[in-house]
Amino acid sequence: YFLIGKLISLFFLALSSLFLYLLSRRILHDRFLSLGIVILFLLNLNILSSAALATNFIMPVAFSIISFYLFHISFFENRIKLLGIMFAGIFLAFAIGTKLTFATLAAPFAMMIICFMVWNKNSSENYRKSILCILFYLTGIIIGLLPVLLFISDLESFIFNNLGFHNFNTQWRQITEFDGPMSLHSKLQYAYRHFFKSDNLILLLGISLGFGLSVKNFQSMRETYQQLPAGTTLTFFLVLIAIVTALIPTPTWSHYYSIPISFLFILLIFSFAPDSGKISTIHKRLIIILLFMATVYNGPSLLTFISRLSHEESWTALKLQAISTKMRIALLENNIGTDRKIASLSPMYALESNLSIYPEFSTGPFLYRIGDLLTAQQRDHFVGTSANSLNELFSKEPPAAIVIGPNEDGDLTALNKPLIEDAIAYNY
(Lines give C-alpha, C1' and ligand atoms only; values in the text may rest on other atoms or scores of the structure.)
Protein backbone atom coordinates (compact mmCIF):
# COMPACT_ATOMS: atom_id res chain seq x y z
CA TYR A 1 0.00 0.00 0.00
CA PHE A 2 2.79 2.39 0.96
CA LEU A 3 4.67 1.72 -2.29
CA ILE A 4 1.49 2.32 -4.28
CA GLY A 5 1.10 5.67 -2.48
CA LYS A 6 4.68 6.58 -3.42
CA LEU A 7 4.06 5.62 -7.06
CA ILE A 8 0.91 7.76 -7.16
CA SER A 9 2.95 10.73 -5.89
CA LEU A 10 5.56 10.03 -8.57
CA PHE A 11 2.81 9.97 -11.22
CA PHE A 12 1.54 13.41 -10.16
CA LEU A 13 5.10 14.78 -10.14
CA ALA A 14 5.45 13.55 -13.73
CA LEU A 15 2.04 15.06 -14.60
CA SER A 16 3.11 18.41 -13.12
CA SER A 17 6.32 18.32 -15.19
CA LEU A 18 4.46 17.39 -18.37
CA PHE A 19 1.98 20.28 -18.18
CA LEU A 20 4.69 22.72 -17.12
CA TYR A 21 6.56 21.68 -20.29
CA LEU A 22 3.42 22.03 -22.45
CA LEU A 23 2.74 25.49 -21.01
CA SER A 24 6.34 26.55 -21.59
CA ARG A 25 6.30 25.29 -25.19
CA ARG A 26 3.05 27.16 -25.77
CA ILE A 27 4.47 30.45 -24.48
CA LEU A 28 8.17 30.28 -25.40
CA HIS A 29 7.99 28.10 -28.55
CA ASP A 30 11.41 26.73 -27.63
CA ARG A 31 12.05 23.10 -26.74
CA PHE A 32 15.46 23.70 -25.13
CA LEU A 33 14.23 26.38 -22.73
CA SER A 34 11.10 24.37 -21.90
CA LEU A 35 13.11 21.26 -21.04
CA GLY A 36 15.51 23.39 -18.99
CA ILE A 37 12.66 24.86 -16.92
CA VAL A 38 11.19 21.39 -16.28
CA ILE A 39 14.59 20.06 -15.16
CA LEU A 40 14.95 23.07 -12.86
CA PHE A 41 11.49 22.22 -11.48
CA LEU A 42 12.61 18.62 -10.83
CA LEU A 43 15.77 19.85 -9.07
CA ASN A 44 13.81 21.97 -6.59
CA LEU A 45 13.97 20.34 -3.16
CA ASN A 46 10.64 21.77 -2.04
CA ILE A 47 8.86 20.18 -4.99
CA LEU A 48 10.78 16.91 -4.60
CA SER A 49 10.16 16.67 -0.85
CA SER A 50 6.42 17.13 -1.45
CA ALA A 51 6.48 14.41 -4.13
CA ALA A 52 8.64 12.01 -2.09
CA LEU A 53 5.89 11.36 0.46
CA ALA A 54 2.83 9.13 0.12
CA THR A 55 0.57 12.11 0.84
CA ASN A 56 -1.68 14.57 -0.98
CA PHE A 57 1.02 17.29 -1.13
CA ILE A 58 1.94 16.97 -4.84
CA MET A 59 -1.51 16.07 -6.23
CA PRO A 60 -3.03 19.58 -5.95
CA VAL A 61 0.17 21.08 -7.41
CA ALA A 62 -0.37 18.98 -10.56
CA PHE A 63 -4.08 19.82 -10.73
CA SER A 64 -3.43 23.58 -10.34
CA ILE A 65 -0.76 23.59 -13.09
CA ILE A 66 -3.17 21.74 -15.41
CA SER A 67 -5.88 24.26 -14.50
CA PHE A 68 -3.56 27.17 -15.33
CA TYR A 69 -2.57 25.59 -18.65
CA LEU A 70 -6.21 25.05 -19.68
CA PHE A 71 -7.18 28.56 -18.57
CA HIS A 72 -4.25 30.07 -20.50
CA ILE A 73 -4.99 28.34 -23.81
CA SER A 74 -8.75 28.93 -23.44
CA PHE A 75 -8.84 32.54 -22.24
CA PHE A 76 -5.60 34.35 -23.16
CA GLU A 77 -5.03 33.07 -26.69
CA ASN A 78 -6.69 34.08 -29.97
CA ARG A 79 -10.27 33.12 -29.18
CA ILE A 80 -12.10 32.20 -25.99
CA LYS A 81 -12.84 28.49 -25.59
CA LEU A 82 -15.66 28.09 -23.07
CA LEU A 83 -15.26 24.32 -22.72
CA GLY A 84 -11.57 24.77 -21.89
CA ILE A 85 -12.45 27.35 -19.23
CA MET A 86 -14.92 24.90 -17.72
CA PHE A 87 -12.25 22.17 -17.56
CA ALA A 88 -9.87 24.69 -15.97
CA GLY A 89 -12.49 25.13 -13.24
CA ILE A 90 -12.88 21.35 -12.89
CA PHE A 91 -9.14 20.78 -12.37
CA LEU A 92 -8.89 23.66 -9.92
CA ALA A 93 -11.79 22.05 -8.04
CA PHE A 94 -9.80 18.79 -7.99
CA ALA A 95 -6.91 20.72 -6.40
CA ILE A 96 -9.29 22.21 -3.82
CA GLY A 97 -10.80 18.79 -3.13
CA THR A 98 -7.40 17.24 -2.44
CA LYS A 99 -6.20 20.17 -0.31
CA LEU A 100 -8.65 22.84 0.86
CA THR A 101 -6.01 25.60 1.04
CA PHE A 102 -5.98 25.69 -2.78
CA ALA A 103 -9.48 27.25 -2.66
CA THR A 104 -7.92 30.73 -2.49
CA LEU A 105 -6.48 30.23 -5.98
CA ALA A 106 -9.96 30.52 -7.49
CA ALA A 107 -9.98 34.28 -6.77
CA PRO A 108 -7.21 35.39 -9.21
CA PHE A 109 -8.74 33.36 -12.07
CA ALA A 110 -12.16 34.89 -11.42
CA MET A 111 -10.54 38.33 -11.12
CA MET A 112 -9.05 38.05 -14.63
CA ILE A 113 -12.46 37.23 -16.14
CA ILE A 114 -14.13 40.11 -14.26
CA CYS A 115 -11.39 42.54 -15.37
CA PHE A 116 -11.91 41.43 -18.97
CA MET A 117 -15.65 42.06 -18.54
CA VAL A 118 -15.05 45.56 -17.10
CA TRP A 119 -12.54 46.49 -19.83
CA ASN A 120 -14.97 45.39 -22.54
CA LYS A 121 -18.19 46.75 -21.05
CA ASN A 122 -18.71 48.91 -24.17
CA SER A 123 -18.54 45.88 -26.43
CA SER A 124 -21.76 43.90 -26.12
CA GLU A 125 -20.24 40.77 -27.71
CA ASN A 126 -17.17 40.70 -25.42
CA TYR A 127 -19.35 41.54 -22.41
CA ARG A 128 -21.56 38.55 -23.25
CA LYS A 129 -18.46 36.35 -23.62
CA SER A 130 -17.24 37.48 -20.19
CA ILE A 131 -20.55 36.49 -18.60
CA LEU A 132 -20.35 33.08 -20.30
CA CYS A 133 -16.74 32.66 -19.12
CA ILE A 134 -17.76 33.25 -15.51
CA LEU A 135 -20.70 30.86 -15.81
CA PHE A 136 -18.61 28.10 -17.44
CA TYR A 137 -15.76 28.61 -14.93
CA LEU A 138 -18.16 28.36 -11.96
CA THR A 139 -19.87 25.36 -13.56
CA GLY A 140 -16.50 23.64 -13.81
CA ILE A 141 -15.73 24.27 -10.16
CA ILE A 142 -19.16 22.98 -9.12
CA ILE A 143 -18.73 19.82 -11.25
CA GLY A 144 -15.24 19.22 -9.84
CA LEU A 145 -16.48 19.61 -6.28
CA LEU A 146 -19.45 17.25 -6.67
CA PRO A 147 -17.65 14.40 -4.80
CA VAL A 148 -17.59 16.71 -1.75
CA LEU A 149 -21.35 16.11 -1.44
CA LEU A 150 -20.54 12.59 -0.20
CA PHE A 151 -18.69 14.11 2.77
CA ILE A 152 -21.15 16.93 3.48
CA SER A 153 -23.79 14.33 4.36
CA ASP A 154 -22.16 14.40 7.82
CA LEU A 155 -21.77 18.17 8.04
CA GLU A 156 -20.36 18.19 11.58
CA SER A 157 -17.54 15.81 10.63
CA PHE A 158 -16.89 17.73 7.40
CA ILE A 159 -16.46 21.03 9.26
CA PHE A 160 -14.32 19.36 11.93
CA ASN A 161 -12.03 17.65 9.38
CA ASN A 162 -11.42 20.85 7.42
CA LEU A 163 -11.51 23.54 10.11
CA GLY A 164 -12.07 22.27 13.64
CA PHE A 165 -9.17 19.82 13.70
CA HIS A 166 -6.67 22.54 12.76
CA ASN A 167 -7.86 24.80 15.60
CA PHE A 168 -7.50 21.96 18.12
CA ASN A 169 -4.14 21.01 16.63
CA THR A 170 -2.87 24.57 17.15
CA GLN A 171 -4.05 24.39 20.78
CA TRP A 172 -2.20 21.09 21.21
CA ARG A 173 0.98 22.61 19.78
CA GLN A 174 0.70 25.51 22.23
CA ILE A 175 0.12 23.16 25.19
CA THR A 176 3.12 21.02 24.25
CA GLU A 177 5.23 24.19 23.80
CA PHE A 178 6.07 23.46 20.19
CA ASP A 179 9.13 25.51 19.20
CA GLY A 180 8.30 25.77 15.49
CA PRO A 181 6.87 28.79 13.62
CA MET A 182 3.62 29.56 15.50
CA SER A 183 3.33 33.37 15.68
CA LEU A 184 2.91 35.54 12.60
CA HIS A 185 6.39 36.98 13.13
CA SER A 186 8.02 33.54 13.31
CA LYS A 187 6.00 32.33 10.29
CA LEU A 188 7.17 35.34 8.26
CA GLN A 189 10.76 34.59 9.29
CA TYR A 190 10.28 30.96 8.28
CA ALA A 191 8.84 32.01 4.89
CA TYR A 192 11.76 34.39 4.33
CA ARG A 193 14.33 31.70 5.13
CA HIS A 194 12.46 29.22 2.95
CA PHE A 195 12.24 31.43 -0.13
CA PHE A 196 15.87 32.42 0.16
CA LYS A 197 17.19 28.87 0.41
CA SER A 198 19.67 28.25 -2.38
CA ASP A 199 17.39 26.38 -4.81
CA ASN A 200 14.53 28.87 -4.41
CA LEU A 201 16.99 31.78 -4.55
CA ILE A 202 18.23 30.41 -7.89
CA LEU A 203 14.62 30.42 -9.13
CA LEU A 204 14.03 34.01 -7.95
CA LEU A 205 17.31 35.06 -9.56
CA GLY A 206 16.19 33.54 -12.87
CA ILE A 207 12.85 35.38 -12.73
CA SER A 208 14.54 38.70 -11.90
CA LEU A 209 17.09 38.35 -14.69
CA GLY A 210 14.42 37.18 -17.13
CA PHE A 211 12.26 40.25 -16.58
CA GLY A 212 15.37 42.42 -16.40
CA LEU A 213 16.50 41.28 -19.85
CA SER A 214 13.04 41.95 -21.23
CA VAL A 215 13.10 45.51 -19.90
CA LYS A 216 16.63 46.21 -21.09
CA ASN A 217 16.41 44.71 -24.57
CA PHE A 218 12.90 45.48 -25.73
CA GLN A 219 11.32 48.48 -23.98
CA SER A 220 11.37 50.86 -21.06
CA MET A 221 10.05 49.90 -17.62
CA ARG A 222 6.95 52.04 -18.12
CA GLU A 223 6.11 50.37 -21.44
CA THR A 224 6.75 46.92 -19.98
CA TYR A 225 4.21 47.63 -17.27
CA GLN A 226 1.67 48.91 -19.75
CA GLN A 227 2.05 45.86 -21.98
CA LEU A 228 2.46 43.30 -19.21
CA PRO A 229 0.86 40.06 -20.49
CA ALA A 230 -2.34 39.02 -18.73
CA GLY A 231 -0.78 35.61 -18.00
CA THR A 232 2.09 37.29 -16.13
CA THR A 233 -0.37 39.37 -14.09
CA LEU A 234 -2.45 36.28 -13.25
CA THR A 235 0.65 34.31 -12.20
CA PHE A 236 1.91 37.16 -10.03
CA PHE A 237 -1.38 37.29 -8.12
CA LEU A 238 -1.45 33.49 -7.82
CA VAL A 239 2.03 33.56 -6.23
CA LEU A 240 1.01 36.40 -3.91
CA ILE A 241 -2.22 34.79 -2.70
CA ALA A 242 -0.50 31.39 -2.36
CA ILE A 243 2.13 32.93 -0.05
CA VAL A 244 -0.58 34.51 2.10
CA THR A 245 -2.44 31.18 2.18
CA ALA A 246 0.71 29.34 3.29
CA LEU A 247 0.99 31.73 6.25
CA ILE A 248 -2.55 31.08 7.54
CA PRO A 249 -2.17 27.59 9.15
CA THR A 250 -0.43 27.44 12.52
CA PRO A 251 2.22 26.12 12.65
CA THR A 252 3.50 26.47 9.11
CA TRP A 253 5.40 23.70 7.28
CA SER A 254 7.66 23.63 4.24
CA HIS A 255 5.22 21.70 2.03
CA TYR A 256 2.71 24.59 2.28
CA TYR A 257 5.12 26.55 0.08
CA SER A 258 4.94 24.06 -2.77
CA ILE A 259 1.91 26.12 -3.92
CA PRO A 260 3.65 29.48 -4.48
CA ILE A 261 6.91 27.85 -5.60
CA SER A 262 5.15 25.86 -8.34
CA PHE A 263 3.65 29.11 -9.67
CA LEU A 264 7.07 30.78 -9.50
CA PHE A 265 8.13 28.33 -12.21
CA ILE A 266 5.23 29.56 -14.36
CA LEU A 267 6.36 33.13 -13.63
CA LEU A 268 9.85 32.10 -14.80
CA ILE A 269 8.30 30.99 -18.10
CA PHE A 270 6.64 34.39 -18.59
CA SER A 271 9.85 36.21 -17.62
CA PHE A 272 11.60 34.45 -20.53
CA ALA A 273 8.92 35.45 -23.07
CA PRO A 274 10.18 38.55 -24.93
CA ASP A 275 7.81 40.81 -26.84
CA SER A 276 9.79 40.24 -30.04
CA GLY A 277 8.42 36.69 -30.13
CA LYS A 278 11.93 35.27 -30.54
CA ILE A 279 14.01 33.74 -27.76
CA SER A 280 17.47 35.30 -27.59
CA THR A 281 20.70 33.36 -27.06
CA ILE A 282 21.15 35.05 -23.71
CA HIS A 283 17.97 33.39 -22.38
CA LYS A 284 19.36 29.97 -23.29
CA ARG A 285 22.65 30.81 -21.62
CA LEU A 286 20.77 31.95 -18.54
CA ILE A 287 18.85 28.68 -18.19
CA ILE A 288 22.14 26.76 -18.54
CA ILE A 289 23.65 28.85 -15.72
CA LEU A 290 20.58 28.31 -13.52
CA LEU A 291 20.67 24.55 -14.16
CA PHE A 292 24.39 24.44 -13.36
CA MET A 293 23.83 26.30 -10.07
CA ALA A 294 20.90 24.06 -9.09
CA THR A 295 22.88 20.91 -9.98
CA VAL A 296 25.90 22.02 -7.94
CA TYR A 297 23.69 22.79 -4.97
CA ASN A 298 21.28 19.81 -5.07
CA GLY A 299 23.17 17.32 -7.20
CA PRO A 300 25.21 15.53 -4.48
CA SER A 301 22.20 14.90 -2.23
CA LEU A 302 20.06 13.78 -5.19
CA LEU A 303 22.78 11.40 -6.37
CA THR A 304 22.80 9.83 -2.90
CA PHE A 305 19.07 9.21 -3.08
CA ILE A 306 19.27 7.91 -6.66
CA SER A 307 22.07 5.49 -5.73
CA ARG A 308 19.79 3.96 -3.08
CA LEU A 309 17.28 2.93 -5.74
CA SER A 310 19.54 0.03 -6.72
CA HIS A 311 19.37 -1.31 -3.14
CA GLU A 312 15.83 -2.54 -2.64
CA GLU A 313 16.49 -3.34 1.02
CA SER A 314 16.77 0.41 1.68
CA TRP A 315 13.34 1.23 0.20
CA THR A 316 11.11 2.49 3.01
CA ALA A 317 8.00 0.88 1.53
CA LEU A 318 9.65 -2.55 1.23
CA LYS A 319 11.16 -2.31 4.73
CA LEU A 320 7.73 -1.46 6.13
CA GLN A 321 6.17 -4.42 4.30
CA ALA A 322 8.87 -6.79 5.63
CA ILE A 323 8.28 -5.66 9.22
CA SER A 324 4.53 -6.02 8.75
CA THR A 325 4.94 -9.58 7.43
CA LYS A 326 7.12 -10.48 10.44
CA MET A 327 4.38 -9.12 12.73
CA ARG A 328 1.80 -11.35 11.08
CA ILE A 329 4.07 -14.40 11.41
CA ALA A 330 4.74 -13.58 15.09
CA LEU A 331 1.00 -13.43 15.79
CA LEU A 332 0.46 -16.83 14.14
CA GLU A 333 3.42 -18.39 15.97
CA ASN A 334 1.97 -17.24 19.30
CA ASN A 335 -1.51 -18.54 18.43
CA ILE A 336 -2.98 -15.06 18.33
CA GLY A 337 -5.71 -14.65 15.76
CA THR A 338 -4.87 -12.28 12.92
CA ASP A 339 -8.47 -11.06 12.97
CA ARG A 340 -7.85 -9.33 16.31
CA LYS A 341 -6.97 -5.65 16.19
CA ILE A 342 -3.53 -4.02 16.38
CA ALA A 343 -3.12 -0.86 18.48
CA SER A 344 -0.64 1.53 16.89
CA LEU A 345 -0.12 5.19 16.03
CA SER A 346 1.65 3.86 12.92
CA PRO A 347 -1.23 1.79 11.47
CA MET A 348 0.55 1.14 8.14
CA TYR A 349 2.66 -1.51 9.92
CA ALA A 350 -0.52 -3.53 10.42
CA LEU A 351 -2.29 -2.68 7.18
CA GLU A 352 0.64 -3.72 4.96
CA SER A 353 0.00 -7.40 5.81
CA ASN A 354 -3.80 -7.01 6.02
CA LEU A 355 -3.97 -7.06 9.83
CA SER A 356 -6.90 -5.35 11.52
CA ILE A 357 -6.57 -2.02 13.31
CA TYR A 358 -8.80 -0.03 15.62
CA PRO A 359 -10.81 2.58 13.67
CA GLU A 360 -9.80 4.99 16.45
CA PHE A 361 -6.17 4.72 15.27
CA SER A 362 -6.90 4.96 11.53
CA THR A 363 -5.57 8.54 11.34
CA GLY A 364 -2.36 7.63 13.15
CA PRO A 365 -1.30 10.30 15.65
CA PHE A 366 -3.42 13.13 14.23
CA LEU A 367 -6.81 12.66 15.90
CA TYR A 368 -5.26 10.84 18.87
CA ARG A 369 -3.04 13.75 19.93
CA ILE A 370 -5.96 16.18 20.21
CA GLY A 371 -8.29 13.54 21.68
CA ASP A 372 -8.10 14.87 25.23
CA LEU A 373 -9.14 18.34 24.00
CA LEU A 374 -12.40 16.85 22.72
CA THR A 375 -15.42 15.82 24.74
CA ALA A 376 -16.28 12.12 25.07
CA GLN A 377 -19.23 12.70 22.74
CA GLN A 378 -16.97 14.29 20.11
CA ARG A 379 -14.49 11.40 20.33
CA ASP A 380 -17.33 8.93 19.80
CA HIS A 381 -18.75 10.91 16.87
CA PHE A 382 -15.39 11.35 15.12
CA VAL A 383 -14.32 7.76 16.02
CA GLY A 384 -11.24 8.72 18.00
CA THR A 385 -9.48 8.03 21.25
CA SER A 386 -6.88 9.74 23.44
CA ALA A 387 -4.12 9.06 25.96
CA ASN A 388 -6.61 9.26 28.84
CA SER A 389 -9.24 7.05 27.22
CA LEU A 390 -7.01 4.17 26.09
CA ASN A 391 -7.96 1.94 29.03
CA GLU A 392 -11.64 2.34 28.19
CA LEU A 393 -10.98 1.35 24.57
CA PHE A 394 -8.77 -1.64 25.44
CA SER A 395 -11.11 -2.91 28.15
CA LYS A 396 -13.86 -3.30 25.57
CA GLU A 397 -11.62 -5.08 23.08
CA PRO A 398 -8.03 -5.98 24.11
CA PRO A 399 -5.51 -5.57 21.28
CA ALA A 400 -3.71 -8.50 19.71
CA ALA A 401 -0.52 -6.47 19.88
CA ILE A 402 0.68 -2.95 20.59
CA VAL A 403 3.03 -1.65 17.91
CA ILE A 404 5.14 1.39 18.67
CA GLY A 405 6.66 2.07 15.27
CA PRO A 406 9.65 4.34 14.56
CA ASN A 407 10.96 6.62 17.30
CA GLU A 408 12.66 9.18 15.04
CA ASP A 409 9.75 11.61 15.40
CA GLY A 410 9.88 13.47 18.72
CA ASP A 411 6.11 14.03 18.75
CA LEU A 412 5.42 10.35 18.07
CA THR A 413 7.82 9.26 20.81
CA ALA A 414 5.94 11.33 23.39
CA LEU A 415 2.52 10.20 22.12
CA ASN A 416 3.58 6.55 22.28
CA LYS A 417 4.36 6.66 26.02
CA PRO A 418 0.80 5.74 27.17
CA LEU A 419 0.83 2.81 24.72
CA ILE A 420 4.20 1.63 26.06
CA GLU A 421 2.91 1.89 29.63
CA ASP A 422 -0.16 -0.18 28.76
CA ALA A 423 2.00 -2.76 26.97
CA ILE A 424 4.18 -3.14 30.06
CA ALA A 425 1.23 -3.17 32.47
CA TYR A 426 -0.56 -5.95 30.58
CA ASN A 427 2.59 -7.95 29.73
CA TYR A 428 2.44 -7.45 25.95
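How does the lining of the second largest cavity divide by class, into nonpolar, polar and charged residues? By class, that lining has six nonpolar, two polar and one charged residues, where Ala, Val, Leu, Ile, Met, Phe, Trp, Tyr, Cys and Pro count as nonpolar, Asp, Glu, Lys and Arg as charged, and the others, Gly among them, as polar.

Before I go on, please keep in mind that this is a predicted model, in which local features need pLDDT of at least 70 and side-chain atom pairs count only at pLDDT 80 or more, while totals for chains, interfaces and linings use all residues. Residues are numbered from 1 along each chain as its sequence is written, and side-chain values use heavy atoms, with hydrogens and water left out.

Let me stay with the cavities. On a 1 Å grid over the protein atoms alone, a cavity is a set of points where a 1.4 Å probe fits but cannot get out, whereas a pocket is an open set with protein on both sides within 12 Å along at least five of seven lines, and lining residues have an atom within 4 Å of a point. Grid points are joined across faces, edges and corners, and a volume is the space filled by probe spheres set on the points.

The largest cavity has a volume of about 60 Å³, and among the residues that line it are F57, K99, H255 and Y256. Its lining divides into five nonpolar, four polar and one charged, and α13 (230-247) and α14 (258-271) each supply at least two residues.

The lining divides into 16 nonpolar, three polar and two charged residues, and α1 provides the largest share, five residues.

Next, the charged pairs. A salt bridge, taken as a side-chain nitrogen of Lys or Arg within 4 Å of a carboxyl oxygen of Asp or Glu, occurs three times in the structure. In one of them, the side chains of K284 and D30 meet at 3.3 Å, N to O, and this pair links distant parts of the chain, since K284 sits in helix α15 and D30 in the loop between α1 and α2 (31-42), 254 residues apart. D30 counts as buried at 11% relative accessibility, whereas K284, at 31%, counts as partly exposed; buried means under 20% relative accessible area, exposed over 50%, and partly exposed in between, with a 1.4 Å probe and protein chains only.

A further salt bridge joins E397 to K341, with the closest N and O atoms 3.2 Å apart. E397 lies in the loop between α20 (390-396) and β3 (401-403) and K341 in strand β1 (residues 341-344), so the pair ties together parts that are 56 residues apart in sequence. E392 and K396 also meet in a salt bridge, at 4.0 Å, N to O, and, being four residues apart in helix α20, they are separated by about one helical turn. Here E392 is partly exposed, with 48% relative accessible area, and K396 is exposed, with 65%.

Finally, the rings. Rings of Phe, Tyr and Trp (its six-membered ring) pair if their centres lie within 6.5 Å, with planes under 30 degrees apart counted as stacked, over 60 as edge-to-face and the rest as tilted. By this rule there are 26 aromatic pairs. F68 and F270 form an edge-to-face pair, 6.2 Å centre to centre and with 70 degrees between the planes, which links helix α4 (residues 59-76) to helix α14 across 202 residues. Both F68 and F270 are buried, and both belong to a cluster linked by ring pairs that also includes F71, F75 and Y137.
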